[in-house]
Amino acid sequence: MANYKVLIVDDIQANLFTLESLLLDINYNINIFKSLSAKGGLDILLENEIDLIISDIQMPEMDGFEFATLLKIHPKTRNIPIIFVTAIFDTNEYKQKGYNLGVIDYIVKPIDKLLFSSKLLNYIKIFQLQKSLNLSMQESAAIFNVQPTITIVSNENGKVSKINDIFFETFDYKDLEDFNKLHGSICKLFIDKKDNKCLQSTINGLNWIEYIKKNPEKQHLAYILDKEKKERIFDVKINHQVFKEKTIVITILTDFTNYINQQEEIRQKDIQLFEQSKMSSMGEMIGNIAHQWRQPLNIITMSVGNM
């Protein structure tokens, strides 16, 4: 198991030694970082990936509350759990001040070794589990975002909750919040072609999701403007999944623009070849008719010449 990295901050060297000894006694794979000031702690945090901070409150220059406030501002440190160690813990206002800053617990001096060990071991296990979960979510997000097709997660009404990166590379939206603010549902992007060959928000009295669901054998195409305001054609497929008793709809948009344009070019060439073939056949037929007319005319001309 990888080292669990703990930063302890206290302006008194003896207190640092006590905390370090208590952490080592937990019998867990812990890598300990120490600082005699909040400023020194910030330097350590910016250079290392710390999993837990144990900090004194009463310190010169920058106390524990100011330290916690700065940590919550910086993106690198804002999610690191903090435990305060203090001898002053007698008012609800004092307790609430730390909790409002995201502090997860207080440990009162003098420290009870058994209570400290029990709390720390439980917290470490919880944090490790959370870390593993976050890693799994990041891996899932990475897989989701490298999909070559646009993938959209929504509820049954089309309200979007997740979109992969290729969507934002294709369409003119900064992020999911920007898209939801303007539309909320992917069907709002569909161009109405006034025919039955493309998807619209409502088709035959059904919303587009229900229409696709009831007509799985058909190919469903949607026309959407990309970020360059060019019309693109997408094949649309949906998949329903039930998660925690809620139905989610996964919509896959595959860009068929080039394929359909190529098919149209082939169709036009076929029409052109057919027309050329017809003209050639007509020319051949006219040539045959002219030849057939020329034969009796030649005979008449020869007969007249012989008279």
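Student: How much space lies in the largest pocket?
Tutor: Rolling a probe the size of a water molecule over the atoms shows where empty space is left. In this predicted model, the largest pocket holds about 510 Å³ of space. Its lining is made up of 18 residues, of which I50, D51, N79, K131 and N134 are the closest to the centre.

Student: What is the volume of the second largest pocket, and which residues line it?
Tutor: The second largest pocket has a volume of about 170 Å³, and its lining consists of M137, S140, A141, F144, V153 and K162. Here too α5 supplies the largest share, four residues, and the lining divides into four nonpolar, one polar and one charged residue.

Student: Turning to the loop residue, where is D226 found, and is D226 buried or exposed?
Tutor: D226 is found in the loop between β10 (221–225) and β11 (231–243). D226 counts as buried because its relative accessibility is 5%, and buried means under 20%.

Student: Which backbone atoms does the side chain of D226 reach?
Tutor: The side chain of D226 reaches the backbone nitrogen of E228 at 2.9 Å, and one of its polar atoms lies 2.8 Å from the backbone nitrogen of K230. Leaving aside residues up to four places away in sequence, D226 touches T170, F171 and R232.

Key. Residues numbered from 1 in each chain as written. Predicted model: local features only at pLDDT ≥ 70, side-chain atom pairs only at ≥ 80, totals over all residues. Heavy atoms only, no water. Helix = DSSP H or I, 4+ residues; strand = E, 2+ residues; numbered from the N terminus. Buried < 20%, exposed > 50% of the residue type's maximum accessible area, 1.4 Å probe, protein only. Polar contact = N/O pair within 3.5 Å; in protein donor to acceptor, adjacent residues only side chain to side chain. Contact = heavy atoms within 4.5 Å. 1 Å grid on protein atoms, 1.4 Å probe; cavity = no way out; pocket = protein on both sides within 12 Å on 5 of 7 lines; lining within 4 Å. Points joined across faces, edges and corners; volume = space filled by probe spheres on them. Nonpolar A, V, L, I, M, F, W, Y, C, P; charged D, E, K, R; others polar.
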